[in-house]
Amino acid sequence: MMEQVTKHVGLLTRSRTPVFFILGLTIALLPSPAFANALTPLVPVVLTHLLVGNLFIGYIEGFVLAKWFRIPRGPTTAIVVLANYASAWAGLFLLFNRLSGIANVTFENAYFWVGLCVILAFLLTLLVEYPFFWFLLRKQEKAVRQSLKATLVVHCISYALLFVWYGVNSPVSLVTQLDVVSVSGLQPQEEYVLYFIDADGKQVVRSDLEGKNQEAIAQIDRDYRWPQLFACKNEEKQEKGEEEQFDLSVGDSRNNKQLILSDFAASIPTTRTRDCHVTFLGEVPKLTDNTNWDYHIRSFDTAGIRGENEKENLSFNFALETLFISWPVKHATHLEGDYAVFELDGDRIYILQPQEKKIALITRGQNPIVVKPKL
């Protein structure tokens, strides 16, 4: 069955090699945010659909169309498979991940925007594939009407399959399992200070965990591609055996940093393997010892932020990654009371209490670092 489909598609492709070469080159060079969040769990799901799934769906659609209108199955299947590849790649470059980074898309309306994109994707599929269906049915009586009807009915079947495929493989717990609350009602008992880079990437800002009393403490003078904050022990004082001191810097690597503040905190977040807050993925640094929880931010085996409590055999995983929107979690800090502060979607800073399943927006910004202030 699959050999027959591959044979027909191969013959069709070889007969138009120059056209497909130009099309492939155009797609390869076309600027697009389609893989902006590459190396995430959804990427292999999308690639499986694009490279293999279209053969399977195209065969089903071709079979239905051939039976329905009693036309030759082989050529019909080959052309429908080609139509599926055309519409799938068009959808990828026009709609994939388009909602990410848009400030108006929030926890409250994310489902509405995703639903709107699903409708647009369906309409785009009909628009791209209708000419293929008309070509196959052009000799039928009332060819235009029959082609429209066939395109609509057949794709209702294929989209049902796609709903199952992406529904099973798209984590959405970040918006389905968490309650959005006021940031004033989601505060740890300990006193903390938040440092972050503003949404424009031009200033380093200090505030409390409610996002109030914001103060720009430094301009970012250098043209960093991806500026990042570093909170580290002062190595010179450490080597001299002097009192522990923490410094705050901004840069894009450990050897290309601009010092912002010296001796700026009583304590900084650390992990079991690092005494410098520089990572944005992996084990989440802690500012508390009073916890049985370990938090992690991972890209491959689990999206979003994950927590594990081995002592009580508990865990959670909150993530959002669909075809049209992905909110990556980065730069997290684990606080007293098992709160977590992190960057979401590139320019928003949230505080989360995962055991209570509550989340609140602190402010717009990136690369947050939470520290205990010096008294």
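The largest nonpolar core in the protein comprises 45 residues, and those with the most contacts inside it are Phe107, Leu174, Ile305, Trp327, Phe342 and Leu344; a nonpolar core is here a set of buried Ala, Val, Leu, Ile, Met, Phe, Trp, Tyr and Cys residues joined through side-chain atoms within 4.5 Å. Helix α5 (residues 110–137) gives the most to this core, contributing seven residues. A second, separate core of 18 residues includes Val193, Val204, Ala218 and Ala265. The structure is a predicted model, in which local features need pLDDT of at least 70 and side-chain atom pairs count only at pLDDT 80 or more, whereas totals for chains, interfaces and linings use all residues. Residues are numbered from 1 along each chain as its sequence is written, and side-chain values use heavy atoms, with hydrogens and water left out.

The secondary structure comes to eight helices and 17 strands, where helices (H or I, at least four residues) and strands (E, at least two) are DSSP runs numbered from the N terminus. Buried residues make up 47% of the 375 residues, with buried meaning under 20% relative accessible area, exposed over 50%, and partly exposed in between (1.4 Å probe, protein chains only). Of the contacts with a separation of 6 or more, 59% are accounted for by residues 24 or more positions apart, contact meaning heavy atoms within 4.5 Å. Within the largest core, isoleucine 305 is in contact with His296, Phe316, Asn317, Phe318, Val329, Ala340, Phe342 and Leu352, leaving aside its neighbours within four places in sequence.

Among the helices, α3 (residues 42–69) and α6 (residues 143–169) pack at an angle of about 145°, with their axes 10 Å apart; axes are lines fitted to C-alpha atoms, for helices over the stretch in contact, and angles run from 0 to 180 degrees between N-to-C directions. By class, the contact of α3 with α6 has 17 nonpolar, six polar and two charged residues, with Ala, Val, Leu, Ile, Met, Phe, Trp, Tyr, Cys and Pro counted as nonpolar, Asp, Glu, Lys and Arg as charged, and the others, Gly among them, as polar.

Five strands form an open sheet of mixed pairing in the order β1-β16-β15-β14-β13, two strands being paired if DSSP finds at least two bridges between them. Strands β1 (179–180) and β13 (329–334) stand at the edges with a single partner strand each, so one side of each is left without a neighbour in the sheet. Four bridges join β13 to the antiparallel strand β14 (residues 340–344), in which valine 341 is the bridge partner of threonine 333.

Strand β2 (residues 193–197) is mostly covered, since five of its five residues are buried: Val193, Tyr195 and Ile197 point one way, and Leu194 and Phe196 the other way. Strand β2 pairs in the antiparallel sense over four bridges with β17 (residues 366–371), where isoleucine 369 is the partner of tyrosine 195, and likewise over four bridges, antiparallel, with β3 (residues 203–207), where serine 207 is the partner of leucine 194. The hairpin of β2 and β3 has five residues between the strands, and glycine 201 takes a positive phi near 75° in this hairpin.

Leucine 287 lies in the loop between β9 (282–283) and β10 (294–297) and, at 4% relative accessibility, counts as buried.
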